[in-house]
Amino acid sequence: ATGAPLTNSTVTFLDSKPSSVTTVTDTTGKFSIDMSKVKSPAIMSVTLSDGRKMYSIWDGSTQGSSATTNITPLTDAVVSEYAKSKNIKPSDISATSVDTTALKTAKNTVKEWIVSAYQTTGGNATSLDILNTPFDASGKGLDAVLDSLNFTRNSDGLTVLYPKQVMLSDSESPSPLRPLS
């Protein structure tokens, strides 16, 4: 999701075997794969209509016959924070070398950026896992937070999140948008 579901988009999983598995999102932006074909962790990517790739990491924390994992600007920001901590680009992350401690730190960093917005939507931030919390493209909860964000990449290839709206009073001029990340 990018604030709207990514429909008919190819999702690629590069796992720690190493092997590659692909699937396509449906009309609601959801996808499914045979979990027996993927060994965690796995680097996930989807190419957006403008050519940018968006990343996520399936860390294997939700396993079994059914698991949820997301690819959103927030997961992309987690991957960027993780890459920054390892002094590499997001595109250079290898599934065989994912450091789960550094990944957890990156997840918590991005969660801190959006926790107040998520709680405003009625979400329980205590149980929020940006990589694995299921959500629907409903304009509520985590989807409402995604709807309120734009994202881009800086010159280092890292994700930068920006709020979409700027609130002004009658006597103010717009100030430049300040990134969350």
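Mentor: We will talk about a pair of strands and then about salt bridges.

Trainee: Before that, what sort of model is this?
Mentor: This is a predicted model, in which local features need pLDDT of at least 70 and side-chain atom pairs count only at pLDDT 80 or more, while totals for chains, interfaces and linings use all residues. Residues are numbered from 1 along each chain as its sequence is written, and side-chain values use heavy atoms, with hydrogens and water left out.

Trainee: Okay, strands: how many bridges join S3 to S4?
Mentor: Strand S3 (residues 42-47) is joined to S4 by 6 bridges, and the two run antiparallel. Helices (H or I, at least four residues) and strands (E, at least two) are DSSP runs, numbered from the N terminus, and two strands pair if DSSP finds at least two bridges between them.

Trainee: Which residue in S4 is the bridge partner of Met-44?
Mentor: Met-44 has Ser-56 as its bridge partner in S4. The hairpin of S3 and S4 has 5 residues between the strands, and in this hairpin Gly-51 takes a positive phi near 95 degrees.

Trainee: And why is S4 largely enclosed?
Mentor: Strand S4 (residues 53-58) has 6 residues and 5 of them are buried, so the rest of the structure largely encloses it. Buried means under 20% relative accessible area, exposed means over 50%, and partly exposed is in between, with a 1.4 Å probe and protein chains only.

Trainee: New topic: how many salt bridges are there?
Mentor: The count comes to 6 salt bridges, taking a salt bridge as a side-chain nitrogen of Lys or Arg within 4 Å of a carboxyl oxygen of Asp or Glu.

Trainee: Which residue does Asp-136 form one with?
Mentor: Asp-136 forms a salt bridge with Lys-30, and their closest N and O atoms are 2.6 Å apart. Asp-136 lies in the loop between helix H2 (100-120) and helix H3 (142-147), and Lys-30 in the loop between strand S2 (20-24) and S3, so the pair ties together parts that are 106 residues apart in sequence.

Trainee: Where do Lys-84 and Glu-81 lie?
Mentor: Both are in helix H1 (residues 73-86), 3 residues apart, which is about one turn of the helix, and they form a salt bridge whose closest N and O atoms are 3.2 Å apart. Lys-84 counts as partly exposed at 47% relative accessibility, whereas Glu-81 counts as buried at 15%.

Trainee: Last one: are Lys-107 and Asp-129 buried or exposed?
Mentor: Lys-107 and Asp-129 are both buried.
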